[in-house]
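Let's walk through a few spots in this model together, one question at a time.

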Amino acid sequence: MKRILGIGNALVDVLVNLPDDSLLNEFNLPKGSMQHVDEATANNLWNKIQALGTQVVAGGSAANTITGIAQLGLDCKFIGKTGDDDLGHRFAHDQIVNGIQSLLLKSRTATGRCTVSITPDAERTMATYLGAAIELAPEDLNEQMFDGYDYFHIEGYLVQNHALVRRSVELAKAKQQIISLDLASYNVVEQNLEFLRDILHNYVDIVFANEAEAEVFTGKQPQEALHELAKSCTVAAVKLGRHGSLVKSGDKSYTIAPYPTKAIDATGAGDLYASGFLYAHALGMPLDKCGDIGSYVSDKVVGIIGPKLTEAIWKDIRQFVLKFNK
């Protein structure tokens with residue numbers, strides 16, 4: 001059985017449903033983007049949303065993906081950094097509950113948190129205070145952490161630290177791991193384009209991008225963007241939201257149909273698509289089946305608030321996956 005290692009920003013998500021876009025405008029948060037904010041702004045935003053009611057759950061892009069893979073039944077480990085505080089303890093507890101062998105380094109800085117604002121159109125806009133997560137450094141990593149794993153998954157949000165990203169993929173490559181990268185957010189891609197192109201071309205085997213990220217990366221629309229991305233790595237997947245996804249490897253490409261779900265909140269949809277896809281890929285399934293399972297898991301999460309699926313939903317997903325394992 002394959003084992004999967006992930007690294008990312010260890011964050012706690014603070015989810016809030018907004019009645020309109022006014023709060024986003026007040027804090028200059030472009031809809032659908034991920035913006036880094038300082039602690040003062042994060043606290044100000046926190047105070048503003050309390051009256052609206054919030055939900056606090058463990059989050060972080062790569063952590064969400066690794067959690068999904070663990071729920072599907074593979075052995076997983078996650079590397080991140082948190083504060084020694086209540087939010088950090090919540091994050092660690094969530095990892096334990098989901099059966100993840102987490103390696104959480106500690107900091108005196110507060111645990112990072114991401115305020116996820118969900119508007120009536122089901123779009124999510126993220127304001128991220130990285131806190132302790134940003135202190136994860138290249139020197140924190142060593143080759144022993146990567147021993148015994150077959151896949152390495154990394155989130156694009158880590159590119160605030162180019163040296164950390166490069167160090168991690170170098171260690172994974174040295175262990176001959178299959179490396180997957182989620183491009184994370186269109187503005188992250190825009191701000192780190194040349195660096196991401198270099199990492200993709202030289203280290204990455206599987207890349208995940210939504211259509212906005214793919215367009216920023218290639219300057220092209222989804223179908224042509226897919227072809228461009230696939231030139232730099234073994235497998236490329238472009239997620240199209242309610243229209244499904246596109247997958248390509250070599251000269252073979254696939255159009256993956258969605259599983260219609262009334263969208264309530266897109267938080268975690270891309271992360272969980274990667275969960276289903278990587279799980280299926282690790283089991284040696286054909287690429288169209290990888291995309292199909294990714295699509296099914298992703299469409300389940302958009303029907304709820306936040307990225308955490310209930311055990312009942314996971315049971316349904318496992319039953320769905322069983323037909324591909326026969």
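Buried here means under 20% relative accessible area, exposed over 50%, and partly exposed in between (1.4 Å probe, protein chains only). Strands (E, at least two residues) and helices (H or I, at least four) are DSSP runs, numbered from the N terminus. This is a predicted model, so local features need pLDDT of at least 70, side-chain atom pairs count only at pLDDT 80 or more, and totals for chains, interfaces and linings use all residues. Residues are numbered from 1 along each chain as its sequence is written, and side-chain values use heavy atoms, with hydrogens and water left out.

Q: How many residues of strand β11 are buried?
A: β11 spans residues 206-210 and is mostly covered. Of its five residues, the buried ones number four.

Q: Which residue in β12 is the bridge partner of A209?
A: Strands pair if DSSP finds at least two bridges between them. β11 and β12 (residues 235-239) run parallel, joined by five bridges. On the β12 side, A209 is partnered by V238.

Q: What is the relative accessible area of I79?
A: I79 sits in strand β5 (residues 75-83). Contact means heavy atoms within 4.5 Å, and beyond four places in sequence I79 touches residues including L5, L103 and M145. I79 is buried, its relative accessible area being 0%.

Q: At what angle do helices α8 and α9 pack?
A: Axes are lines fitted to C-alpha atoms over the stretch in contact, and angles run from 0 to 180 degrees between N-to-C directions. The axes of α8 (residues 211-218) and α9 (residues 222-230) lie 9 Å apart. Their packing angle is about 60 degrees.
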